[in-house]
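Biologist: I am new to this structure and would like to learn how to read it. Please take me through a few features.

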Amino acid sequence: MSKKNLFGLTLSELETELSDLPKFRAKQIAAWIYQRGAESFDEMTDLSKNLREKLSEKYFVQTARLVTQLDSSDGLTTKFLLAFSDGAAVETVLMRHDYGNSVCISTQVGCAMGCKFCASTLKGLERDLKPAEMLGEIIFVNNFLLKQNQKVDNLVIMGTGEPLMNFDNLIKFLRLLHENYTLGMSYRKITVSTCGIVPAIKKLIAEKIPVTLSISLHAPNNKLRSAIMPINSAFSIEQVIKAGDEYAEETGRRVTYEYTLLGGVNDTEEHARQLSKILSGKSANVNLIPVNPVDERNFQRPTNNSVKKFFHFLNTHGINAVIRKEFGTEINAACGQLRNKNFSID
Ligand code: SF4
């Protein structure tokens with residue numbers, strides 16, 4: 001008989017699975033799996049030896065399997081390649097900010113969206129991740145941090161994949177992560193990124209979970225946006241920003257617009273003027289991200305001067321903008337650099 005992985009089950013699923021044990025055991029085991037970093041029954045020291053042996057005959061506990069780990073030389077970023085039971089693997093990134101530890105997780109193996117500046121989509125979409133697999137990414141990193149007496153403080157869902165194209169699994173995962181028997185993570189500490197799937201933004205509003213929504217805009221007009229983001233031919237800038245406005249109004253959360261600066265493509269003063277016009281008066285922040293190099297893509301990094309000028313223009317024209325602090329560029333762990341398979345293709 002093949003063994004079953006208990007990781008990823010909800011408390012009530014665990015209670016059902018372990019129904020021949022007293023109910024409190026499921027809670028105790030959930031705490032070990034989700035909060036106390038146990039990756040085997042042997043570590044669950046408040047269970048009798050006999051019970052641990054019985055459990056390990058039928059079950060195992062696995063978040064995700066570490067394939068490779070890369071650390072940046074400044075020690076601030078760690079990139080993990082994590083594999084799941086079918087061998088599919090994704091990258092998960094830990095960023096040690098001065099305000100806490102953030103984890104960036106992937107939601108799909110590969111991505112179908114085809115954004116022109118992004119490495120994650122080079123091989124298309126392989127498959128969606130399941131809720132337990134997304135939870136596995138963050139708990140894997142939390143377990144890694146527990147060994148250093150630290151924990152995950154914030155979650156950004158900006159890794160490989162378009163989260164809102166894996167909507168039902170994403171919502172199940174977010175609700176599981178919010179449960180007090182897992183990490184009990186506040187929705188306010190979670191950012192969900194999207195390239196602008198308008199109907200799914202509306203579905204997210206209806207879920208009433210006040211995560212921060214981060215919309216990848218990357219261009220201030222439809223012609224340019226369609227040239228670098230194929231999704232724009234389905235949902236125009238106007239439709240995406242309208243959905244962002246609805247999100248801000250319904251949730252009370254300020255929407256973040258991501259704008260990757262591509263040297264000579266979207267980084268001129270005229271582009272800044274157009275951007276400030278379309279976001280004028282909105283409850284929004286703009287994150288400016290100087291493009292990160294991807295071998296197969298031909299985009300140039302903008303000059304420091306053009307980044308500063310763009311930033312200055314927005315902030316002096318009523319738009320709240322920041323230049324995103326760079327993490328992990330040297331280990332290809334920065335925005336747009338994540339891939340699905342392995343590090344050797346970098
Ligand atoms: S930027 Fe996001 S949505 Fe676009 S291709 Fe990359 S992973 Fe997919």
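Biologist: Why does Lys 208 count as exposed?

Modeller: Lys 208 counts as exposed because it has 9 C-beta neighbours inside 10 Å. This is a predicted model, in which local features need pLDDT of at least 70, side-chain atom pairs count only at pLDDT 80 or more, and totals for chains, interfaces and linings use all residues. Residues are numbered from 1 along each chain as its sequence is written.

Biologist: Where is Lys 208 found?

Modeller: Helices (H or I, at least four residues) and strands (E, at least two) are DSSP runs, numbered from the N terminus. Lys 208 is in the loop between helix H6 (198–207) and strand S11 (212–216).

Biologist: What should I look for in the phi angles of such loops?

Modeller: Most residues other than glycine have a negative phi. Lys 208, although not a glycine, has a positive phi of about 55 degrees. Asn 149 also has a positive phi, near 55 degrees. Asn 149 lies in the loop between helix H4 (131–146) and strand S9 (154–157), and it counts as exposed because it has 6 C-beta neighbours inside 10 Å.

Biologist: How do the axes of H6 and helix H8 cross?

Modeller: Axes are lines fitted to C-alpha atoms, for helices over the stretch in contact, and angles run from 0 to 180 degrees between N-to-C directions. The axes of H6 and H8 (residues 237–251) cross at roughly 5 degrees and come within 9 Å. H6 is therefore roughly parallel to H8, a term for angles under 35 degrees.

Biologist: Which residues of H6 and H8 meet?

Modeller: Two residues are in contact if their C-beta atoms, placed from the backbone, lie within 7 Å. From H6 come Val 198, Ile 201, Lys 202 and Ile 205, and their partners in H8 include Val 240, Ala 243 and Tyr 247.

Biologist: How is the chain divided into domains?

Modeller: Domain bounds come from an automatic or database domain assignment. Here they give domain 1 (4–60) and domain 2 (65–345). The C-alpha centres of domain 1 and domain 2 lie 34 Å apart. Their contact takes 10 residues from domain 1 and 11 residues from domain 2. Helix H2 (residues 23–34) supplies 4 residues, the largest share of the side of domain 1 that touches domain 2.

Methods:
Buried ≥ 20, exposed ≤ 12 C-beta atoms within 10 Å, placed from the backbone. Parallel < 35°, antiparallel > 145°, perpendicular 65-115°, else oblique.
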